[in-house]
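Dear colleague,

Please find below the structure that I am handing over to you, with its sequence. My notes on what was found in it follow directly after.

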Amino acid sequence: VGYVDKTWKSISLPYAFNEKEAFSVPISQHTGRVVWYRKTFVLPANLKNKKVFIEFEGARQAAEVWVNGKWVGLHEDGVMAFGYDLTNFVTFGSKRPNVIAVRVDNTWTYKERATGTEFQWNNSSFNANYGGLTKNVYLHVTDKLYQTLPLYNNLKTAGVYIYAKDFSIKDKKAVLEVESEVRNEYSKPKQVKLNVLVRDADKLFIREFSSEEVTLKPGEIQVLKASATMKNLNFWSWGYGYLYEVTTSLSTGKKIDDIVKTKVGFRKTEFKNGLFKLNDRVLQVKGYAQRSTNEWPGVGSSVPAWLSDYSNNLMVQSNANLVRWMHVTPWKQDVESCDRIGLLEAMPAGDAEKDSKGRQWEQRKDLMRDAIIYNRNNPSIIFYECGNESISEEHMAEMLEIRNQYDANGGRAMGAREMLDSRIAEYGGEMLYINKSATKPVWAMEYCRDEALRQYWDEQSYPYHKQGDGPLYRNADASAYNQNQDMFAFESVVRWYDYWRERPGTGKRVSSGGVSIIFSDSNTHCRGAENYRRSGKVDAMRIPKDAYFAHQVMWDGWVDVENFRTHIVGHWNYDKDVVKNVYVVSTGDKVELFLNGKSLGFGEQTNRFWYTFKDVKFVPGTIRAVSYDSSDRKLSEDVIRTTNASSALKLTRIEDSNPFMADGADMVLAQVEVIDNRGDRCPLANDPVTYHLQGPAEFIGGIGKGEHNCIGDTILPVEAGINRVLIRSTRKSGSIRLIVTSGSLTPDTLDVTALPVEDKDGLSTYLPATERPAHLDRGPTPRYASFLRMSRIPVTILGATAGANEKDASLSYDDNELTEWRNNGTRSSGWIKYDLSRVTEVSEVCMKLTGWRNRSYNIRILAQDGTVLWEGLTPKSLGYITLPLKKGVETRSIRIELAGSSTSKDAYSNIVEVDKNKNLDLFDSKSPDSNDPKEELRIVEIEFYESAE
């Protein structure tokens with residue numbers, strides 16, 4: 001207690017001791033060591049007979065706590081919130097200040113003390129190691145009769161649980177159930193009731209109800225329950241973060257005590273028939289697999305709540321509906337942020353790229369339990385993920401048991417990556433590939449692993465980045481890891497098209513979508529020239545790349561396109577002799593390009609959303625892309641123009657409606673652009689900009705191409721005409737000015753006032769996240785269907801006969817992508833005939849063929865009378881192929897047969913698994929028992945369709 005700490009750095013939480021390493025060094029070089037945090041505070045004397053608890057939202061990796069020189073406890077998982085009962089450790093009154101000390105050890109090799117077991121997720125590939133108290137810390141003071149905190153790990157308590165049931169979306173009704181775990185620490189019995197008061201988003205009172213009165217014995221703990229029917233509800237939805245405030249309190253006679261306020265949202269979910277439904281409407285998953293660290297340059301994860309809202313809302317603005325946090329549970333601030341902005345979440349606990357056993361598996365179960373209890377009132381969490389890799393059925397059953405014990409009524413599915421043939425997982429989906437199901441929803445857990453720096457426009461403009469230039473990765477070229485903006489946008493369209501093509505409404509077996517890895521550039525596993533991952537659709541400062549706008553165009557709807565959009569990829573500033581392709585992403589049926597008002601005709605459409613205008617000669621001026629439907633009705637357009645010479649700097653504050661608070665943790669995100677005399681951003685500018693900061697604030701900086709990625713530098717280049725920096729408040733209020741200068745460009749200034757934050761005796765009641773506004777931009781869940789009609793009609797298969805292994809013929813249509821039918825490796829046995837439920841004209845056959853990414857089968861498809869419906873080499877894919885059949889032929893059966901030798905060559909060699917030895921495709925050419933593929937026919941799944949026209 002008497003230790004002299006005046007020379008220690010004074011900081012405000014959250015704060016990582018090694019924050020400056022964020023993006024300046026690779027993840028594997030993040031410093032791991034022991035650090036200490038200390039704080040002195042005074043508890044008022046009138047609280048002497050109260051209970052005192054502390055809540056840490058998390059610490060990386062292990063935190064050991066002392067209060068007033070006495071050891072309180074140890075928390076080690078490095079992810080989840082934890083808390084302690086400090087009642088018997090603290091003192092009261094101004095003459096007896098308290099000292100809390102926290103020892104944090106974030107070494108990469110940290111092992112659980114009791115067992116010597118490492119935590120599987122303390123991993124230097126994906127879990128950036130920003131060490132210390134990197135999240136918020138709260139002090140709770142309660143009566144001795146109190147509602148517990150949802151902090152199970154140390155306190156063994158579960159807190160308040162709120163959920164809705166018996167939904168009627170049409171009538172806007174549901175039954176609200178409130179359960180609160182209550183403990184009596186008085187020395188005598190207490191008769192107590194649980195009271196519930198509900199307010200809407202405008203803080204208006206709408207409902208009040210209570211539980212039955214119960215008697216709690218001294219030391220007893222009970223769950224008190226109350227319920228009521230709620231009418232005229234606003235249901236939480238995608239892009240509609242409507243939240244209610246539920247206040248629970250305890251009453252003993254006329255005395256009201258222990259008031260707890262919980263923000264909740266009411267929504268209905270359903271997971272069946274291969275579909276996910278939100279509020280009775282089918283939603284195809286469209287979103288991002290984002291590292292849970294969600295980090296920023298120079299500070300890591302420890303950012304203010306408004307900045308979490310800004311970043312996460314950018315996902316929604318790109319028309320993403322789900323974020324899949326990767327490997328570890330996100331911190332509470334991000335979870336609550338997703339509640340407010342209406343972004344669905346897939347929440348992991350902790351894992352690596354494989355199942356585990358022994359104590360490591362028990363650690364994963366403990367963490368899932370704690371994460372569920374802590375986050376079960378947050379409506380944005382829809383999926384619980386218990387593995388970033390398939391786990392055993394036994395382990396899945398154990399995770400389901402945890403969910404059923406602690407969140408049986410929250411409307412959330414439990415699953416894991418892959419789990420395609422699991423009988424009990426409630427959702428699944430591979431990485432990279434396209435899956436379909438008629439039972440549980442399946443969606444790709446991460447697809448499109450390509451990378452591109454934001455500054456690389458194309459090969460014809462500065463900095464003249466040739467597609468694929470860069471260092472080798474695993475002895476292969478860098479074509480997927482050093483793309484330019486044009487091709488990164490193209491790859492984003494190509495990869496999404498596979499999921500769109502198998503979307504809900506295209507049959508009985510469908511894809512429930514996928515999430516692209518990742519949203520923002522990340523200080524994690526890197527493969528290119530930089531020391532960080534550049535797969536983000538925005539860069540590390542959340543400046544959009546062209547791929548961001550490509551997703552915004554393609555994803556604007558729950559399933560089908562509901563709002564038409566068009567985006568011209570790139571810029572229009574080139575040397576006079578440049579001839580290049582112009583690319584457009586659009587949801588129109590056709591797109592026309594105009595150069596200075598003159599039509600250049602219609603673009604070549606590929607992958608539904610991509611339009612190419614070949615060999616356009618650069619002429620300064622304006623290009624305009626106009627999209628039309630099939631009836632030539634104009635749908636949308638986009639316009640870009642050539643800029644003039646650079647003239648000035650333009651400095652603006654992102655989200656400038658937020659007050660800037662002098663709490664030592666708040667931040668300003670400042671954006672600088674190089675503009676011309678018309679105010680247009682100059683897309684080829686790369687000028688070094690000098691930042692001058694005046695007043696009580698700390699310059700954090702941004703990121704750029706240079707030594708240590710320019711982290712912390714006050715001279716930072718714009719890239720593609722724009723960059724951003726962070727400024728952090730101190731504990732002093734006052735006026736702050738940021739000045740930007742660059743050569744002969746006209747400078748600019750930004751003035752901000754840091755408002756005072758009251759702090760008394762080391763305690764503050766300023767909680768930055770409590771008054772953050774909800775985002776309701778998209779409006780409530782639409783009442784009309786997500787797709788107007790089935791685009792094709794599935795034809796039921798009654799049975800099949802085959803040239804070999806006939807007993808396995810049904811495996812080719814059993815809705816299980818881990819089974820297959822195959823012939824015996826000879827041409828003569830390479831046929832299978834399917835009997836259909838009726839005589840019909842089959843318009844298409846959809847197949848997943850073993851070896852889908854590297855094999856082309858030479859097949860013939862015949863009708864019952866021998867008419868050839870299709871013949872040729874099947875295309876390679878990342879899952880399914882659809883073959884159009886000859887029109888005008890009715891049949892009761894379809895025969896698939898080998899017409900010649902197959903070929904084998906990987907068409908996707910630039911798309912690799914994390915584990916290079918792993919092959920999710922059932923065909924393994926390296927297997928010693930694999931046959932010569934030339935005479936093989938192997939079918940994983942097959943479907944037949946009639947036209948819906």
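I begin with a contact between two side chains: R503 forms a salt bridge with D560, and their closest N and O atoms are 2.8 Å apart. Please bear in mind that this is a predicted model. R503 is in the loop between helix 6 and strand 26 (513-517), while D560 is in the loop between helix 7 and strand 27 (566-568), so the pair ties together parts that are 57 residues apart in sequence. R503 counts as buried because its relative accessibility is 12%, which falls under the 20% limit for that class.

The volume of the second largest pocket is about 1,100 Å³. Its lining comprises 32 residues, and those closest to the centre are W500, R503, D560, R789 and S791. Which element gives the most to this lining? It is helix 6 (residues 485-501), with three residues. Sorted by class, the lining of the second largest pocket consists of twelve charged, eleven nonpolar and nine polar residues.

Helix 7 (residues 546-554) deserves a separate remark. Eight of its nine residues are buried, so helix 7 is largely enclosed by the rest of the structure. The buried residues are D546, A547, Y548, A550, H551, Q552, V553 and M554.

Other salt bridges

Across the whole structure, a search finds 79 salt bridges. One of them is between E19 and R728, with 2.6 Å between the closest N and O atoms. This pair links distant parts of the chain: E19 belongs to the segment before strand 1 and R728 to strand 41 (residues 722-729), and the two are 709 residues apart. Both E19 and R728 are buried.

A further salt bridge joins the side chains of D629 and R633, at 3.1 Å from N to O. D629 has a relative accessible area of 13% and is therefore buried.

Cavities

Rolling a probe the size of a water molecule over the atoms shows where empty space is left. In this structure there are eight cavities of 30 Å³ or more. The largest cavity holds about 220 Å³ of space. Sixteen residues line the largest cavity, and N127, T134, K135, T293 and S301 lie nearest its centre. Its lining divides into seven nonpolar, seven polar and two charged residues.

The second largest cavity has a volume of about 140 Å³. Of its 13 lining residues, L453, Y532, I703, G704 and E719 are the closest to the centre. How does the lining of the second largest cavity divide by class, and how many of its residues are charged? Six are charged, four are nonpolar and three are polar.

Backbone geometry

Most residues other than glycine have a negative phi, and most peptide bonds are trans. The following places may therefore be of interest when you examine the backbone against that general rule.

- L13 and P14 are joined by a cis peptide bond, with omega about 0°. P14 is located in the segment before strand 1.
- Y462 and P463 are likewise joined by a cis peptide bond, with omega about 5°. P463 is in the loop between strand 25 (444-447) and helix 6.
- H327, a residue other than glycine, has a positive phi, near 80°. H327 is placed in the loop between strand 21 (322-326) and helix 3 (332-341). Its relative accessibility is 1%, so H327 counts as buried.
- N607, also a residue other than glycine, has a positive phi, near 50°. N607 is found in the loop between strand 31 (604-606) and strand 32 (610-617).

Surface

Finally, a nonpolar patch is formed on the surface by Y3, W8 and W36, which together have about 340 Å² of accessible area. Of these residues, W36 is in strand 1 (residues 34-41). Is W36 buried, partly exposed or exposed? With 41% relative accessibility, W36 counts as partly exposed, because that class covers values between 20% and 50%.

With kind regards

How values were computed: Residues numbered from 1 in each chain as written. Predicted model: local features only at pLDDT ≥ 70, side-chain atom pairs only at ≥ 80, totals over all residues. Heavy atoms only, no water. Patch = residues over 30% accessible without salt bridge, like charges linked within 9 Å, V, L, I, M, F, W, Y side chains within 5 Å. Areas by Shrake-Rupley, 256 points an atom, 1.4 Å probe, with all protein chains shown as cover. Salt bridge = Lys/Arg side-chain N within 4 Å of Asp/Glu carboxyl O. Helix = DSSP H or I, 4+ residues; strand = E, 2+ residues; numbered from the N terminus. Buried < 20%, exposed > 50% of the residue type's maximum accessible area, 1.4 Å probe, protein only. 1 Å grid on protein atoms, 1.4 Å probe; cavity = no way out; pocket = protein on both sides within 12 Å on 5 of 7 lines; lining within 4 Å. Points joined across faces, edges and corners; volume = space filled by probe spheres on them. Nonpolar A, V, L, I, M, F, W, Y, C, P; charged D, E, K, R; others polar.
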